[in-house]
Amino acid sequence: MAGDGTGHDWWHVDRVRKLAVRIARAEGADELVVELAALLHDVADYKLTGSEEAGPEAAHVWLTAGGASPELVEHVVTIVRGISFKGAGVAEADLTLEGRCTRDADRLDALGAVGIARAFAYGGSRGQPLHDPGVPPRHHSDAAEYRQGAATTLNHFHEKLLLLRDRMGTETGRRLAQHRHEVVERFLAEFHAEWDADDRSSS
Ligand code: ADP
Ligand code: NI
């Protein structure tokens, strides 16, 4: 993951790890499970490997080789398998408290200033236009369709990012998401004002 330019770099993992452990502490979750799941959550991601099973399998092999108990391996692998957002209309996996702490941390890193930066980095890596007022966002009810990517990066904000605040699985996650959500909303308001040459500057 070192040096990855699609938003899946090591520093994403590092941020998710720190945030996930912080949420776990506040929620009284098992911090070892959460920290391991955060560290492994994007390993061999389908976006890089094209396979849904590659990630959970890599996590399984790595944890087993490291001497983790079968219960610990099973718990972490289940989180790695269930963590990913698959489209606005696609049902979410039911996760344990530890899974919800990890998923909330991953989603928080898609919001706020960092989340905005990651969206445009990812969009650039896929050659997506920034925005096209003639192309409306879509509501994906199918994971395969969602996976093909957004027509524009601005659409991704409506197809995923603005939905995350109401999909947090812990109280702590919800609280942190509120501010990061507002940052995204303010950014979008500024973006559209500039797009329409309707700058909000008073001078
Ligand atoms: P996660 O790391 O939470 O599993 P994803 O793998 O879905 O998230 O995406 C990684 C990052 O790229 C996130 O910040 C996400 O918002 C962004 N991203 C994913 N798909 C798109 C897209 N089609 N356009 C712009 N950004 C995207
Ligand atoms: Ni992630």
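The legends below describe close-up views of a predicted model. Local features need pLDDT of at least 70 and side-chain atom pairs pLDDT 80 or more, while totals for chains, interfaces and linings use all residues. Residues are numbered from 1 along each chain as its sequence is written, chains are lettered from A and ligands numbered from 1 in the order written, and side-chain values use heavy atoms, without hydrogens and water.

View 1. Helices are DSSP runs (H or I, at least four residues), numbered from the N terminus. H12 and D42 are both buried (under 20% relative accessible area; exposed is over 50%, partly exposed in between; 1.4 Å probe, protein chains only).

**View 2. The ring pair F120 and F157.** Rings of Phe, Tyr and Trp (its six-membered ring) pair if their centres lie within 6.5 Å; planes under 30 degrees apart count as stacked, over 60 as edge-to-face and the rest as tilted. The count is five aromatic pairs. The centres of F120 and F157 are 5.8 Å apart with planes at 40 degrees, so the pair is tilted. F120 in helix α7 (residues 112-125) and F157 in helix α9 (residues 153-159) are 37 residues apart. F120 is partly exposed at 22%; F157, at 0%, is buried.

**View 3. The ring pair F191 and W195.** With centres 5.7 Å apart and planes at 20 degrees, this pair is stacked. Both residues lie in helix α10 (residues 171-195), four residues apart.

Technical notes:
Helix = DSSP H or I, 4+ residues; strand = E, 2+ residues; numbered from the N terminus.
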